[in-house]
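Hi there,

Here is the structure I promised to pass on. My notes on it follow below, so please have a look at both together.

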Amino acid sequence: MTITNPSRAATSAPSWLRERDVEAVAEFLDPWITAATTRPDHTEVPLLGTREWTEADPEVQLAAVAVFVIGCLVERDPIVIAGRLAAEVAVLRTARMAAARQASHAISAAGDWSAVARRLIQRANDDQPRRSPR
């Protein structure tokens, strides 16, 4: 098949199939990522759109955008890009649930719950004579 109008054929191809110079883009975006990840406070690059991202400094927000852009450029299929983002969200939720579970275990281990139960029973028993029968 001979293409008579090459510019028309190039524009008719889906955008995710066009060739990209990923190295040039990565070279441009790498300073953003480096600036955020080499900070003295050891900031992690948050996932786009999360609470951590919205509360982050502009420098960290730009690094997160840069990481996402590079990830999208490396992948060619939009379904894979969406799946990768969904997987990142699932990992983030799983990590938060694990942290909440560990915190609840630490809280429950810190208290003497049998003593608390004894005090509640004793308080209930002490209140009974004060109540007038109906």
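Accessible areas here come from the Shrake-Rupley method with a 1.4 Å probe, and for residues only the protein chains shown count as cover. On that basis, the accessible surface of the chain comes to about 10,600 Å², and carbon and sulfur atoms account for 60% of it.

A word on the source: this is a predicted model, in which local features need pLDDT of at least 70 and side-chain atom pairs count only at pLDDT 80 or more, while totals for chains, interfaces and linings use all residues. Residues are numbered from 1 along each chain as its sequence is written, and side-chain values use heavy atoms, with hydrogens and water left out.

Now the overall picture. The chain has 6 helices and 0 strands, where helices (H or I, at least four residues) and strands (E, at least two) are DSSP runs numbered from the N terminus. Of the 134 residues in the chain, 13% are buried; buried means under 20% relative accessible area, exposed over 50%, and partly exposed in between (1.4 Å probe, protein chains only). Counting contacts (heavy atoms within 4.5 Å) between residues at least 6 apart in sequence, 50% join residues at least 24 apart.

Next, a helix pair. The axes of H2 (22–37) and H4 (residues 58–74) come within 8 Å and cross at roughly 150°. Axes are lines fitted to C-alpha atoms, for helices over the stretch in contact, and angles run from 0 to 180 degrees between N-to-C directions. H2 and H4 are therefore roughly antiparallel, a label for angles over 145 degrees. Among the residues making this contact are Leu-29, Trp-32 and Ala-35 of H2, and Val-60, Ala-63 and Ile-70 of H4. Ala-35 is partly exposed, with a relative accessible area of 29%. The C-alpha atoms of Ala-35 and Val-60 are separated by 8.1 Å, although the two are 25 residues apart along the chain.

Finally, the loop between H2 and H3 (51–55), where Thr-50 has its place. Is Thr-50 buried or exposed? Thr-50 is buried, with a relative accessible area of 13%. Its side chain reaches the backbone oxygen of Leu-47 at 2.8 Å. Leaving aside neighbours within four places in sequence, Thr-50 is in contact with Leu-92 and Arg-96. Gly-49 is found in the loop between H2 and H3 as well, but Gly-49 is exposed, with a relative accessible area of 57%.

Best wishes

Key: Polar contact = N/O pair within 3.5 Å; in protein donor to acceptor, adjacent residues only side chain to side chain. Parallel < 35°, antiparallel > 145°, perpendicular 65-115°, else oblique.
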